[in-house]
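Visitor: I'd like to go through this one with you, starting with the pockets. Could you set out the terms as we go?

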Amino acid sequence: MQYTRTAIWLHWLMAILIVATFVMGVSVANIEGLTLGKLKAVTIHKWMGITVLLLACLRLLWRLFHPAPPLPDSVPAWQQKAAHAVHALMYFLIFAVPLSGYLFSLAAGVPVVLYGIIPLPLIIEPNPELRPLLRSAHFWLNLTLLSSVLLHVAAALKHYFIDRDTVMQRMRPW
Ligand code: HEM
């Protein structure tokens, strides 16, 4: 049994976009000073991050009406429980990571105009006290995302190369 075609495409599209947004986030955070290049890069990072948030909404909606295919019986119960826990954590993070970045930007007094055309709602006022807290929230949530993605990829590779079972085939785009 496979995931639906839509779930598979959303999974891989989001995987690529999240990795690119993460790499871009680390790169911009390491640029010293406030240059035009940095401002452009941060803006693109924000657009990519908000796109992840929009795709996350689509994905959650799709998932609510299309349950995941069951794991094969050969997978021990504890591994099934661990997999479900990591999947739930990643669902939380695909919302929490971009939302923390968005709130951080607003607290810093920088509104986001998506793709340069859609002004996004100012759900909080600029707030110098909240700003550093939201910045570290964005950082730590990203670190949690990185750890859970690494665990997820390691488990998938173990199923493919060591267990040689059908777990990876469920998410194969072809
Ligand atoms: C999947 C979505 C996202 C990922 C994976 C991501 C990842 C990251 C990472 C890894 C950093 C570097 C953290 C650090 O070293 O302190 C960062 C910084 C940042 N992110 Fe995000 N982010 C996402 C979404 C967003 C969104 C939606 C916004 C705002 C609308 C945003 C705004 C920022 C800002 C302003 C910085 C700081 C850049 C600087 O140092 O000037 N991020 N992000």
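Guide: Helices (H or I, at least four residues) and strands (E, at least two) are DSSP runs, numbered from the N terminus. This is a predicted model, in which local features need pLDDT of at least 70 and side-chain atom pairs count only at pLDDT 80 or more, while totals for chains, interfaces and linings use all residues. Residues are numbered from 1 along each chain as its sequence is written, and side-chain values use heavy atoms, with hydrogens and water left out.

Visitor: OK, how many helices and strands are in the chain?

Guide: The chain has 4 helices and 2 strands, and from the N terminus on its elements run α-α-α-β-β-α. Its C-alpha trace spans about 55 × 30 × 25 Å along the principal axes.

Visitor: How much space lies in the largest pocket?

Guide: About 1,500 Å³. A pocket is found on a 1 Å grid over the protein atoms alone, as an open set of points where a 1.4 Å probe fits, with protein on both sides within 12 Å along at least five of seven lines, and its lining residues have an atom within 4 Å of a point. Grid points are joined across faces, edges and corners, and the volume is the space filled by probe spheres set on the points.

Visitor: And which residues are closest to its centre?

Guide: Of the 48 lining residues, the closest to the centre of the largest pocket are His11, His87, Met90, His152 and Val153. The elements that give two or more residues to this lining are α1 (5–29), α2 (36–65), α3 (77–107) and α4 (130–163), and α3 gives the most, with 12 residues.

Visitor: How does that lining divide by class?

Guide: The lining of the largest pocket divides into 34 nonpolar, 10 polar and 4 charged residues, where Ala, Val, Leu, Ile, Met, Phe, Trp, Tyr, Cys and Pro count as nonpolar, Asp, Glu, Lys and Arg as charged, and the others, Gly among them, as polar.

Visitor: Switching to the ligand, where does it sit?

Guide: The ligand sits in the second largest pocket, in the sense that more than half of its atoms lie within 2 Å of the pocket's grid points. About 1,100 Å³ of space lies in that pocket, and its lining has 40 residues, of which Val28, Val42, His45, Phe104 and His138 lie nearest the centre. The largest share of this lining, 10 residues, comes from α2.

Visitor: Which residues are closest to the ligand itself?

Guide: Among the 22 residues that surround the ligand, the closest are Ala29, His45, Arg135, His138 and Asn142; a residue is near a molecule if one of its heavy atoms lies within 4 Å of it. This shell divides into 12 nonpolar, 7 polar and 3 charged residues.

Visitor: What lies 2.8 Å from a nitrogen atom of the ligand?

Guide: That is an N or O atom in the side chain of His45. An N or O atom in the side chain of His138 lies 2.9 Å from a nitrogen atom of the ligand, and one in the side chain of Lys38 lies 3.4 Å from an oxygen atom of the ligand.

Visitor: One last topic: is Leu151 buried or exposed?

Guide: Leu151, which lies in helix α4, counts as exposed because its relative accessibility is 53%. Buried means under 20% relative accessible area, exposed over 50% and partly exposed in between, with a 1.4 Å probe and protein chains only. Of the 174 residues of the chain, 33% count as buried.

Methods
A polar contact is a pair of N or O atoms within 3.5 Å; within protein, one must be able to donate a hydrogen and the other to accept it, and residues adjacent in sequence count only if both atoms are side-chain atoms.
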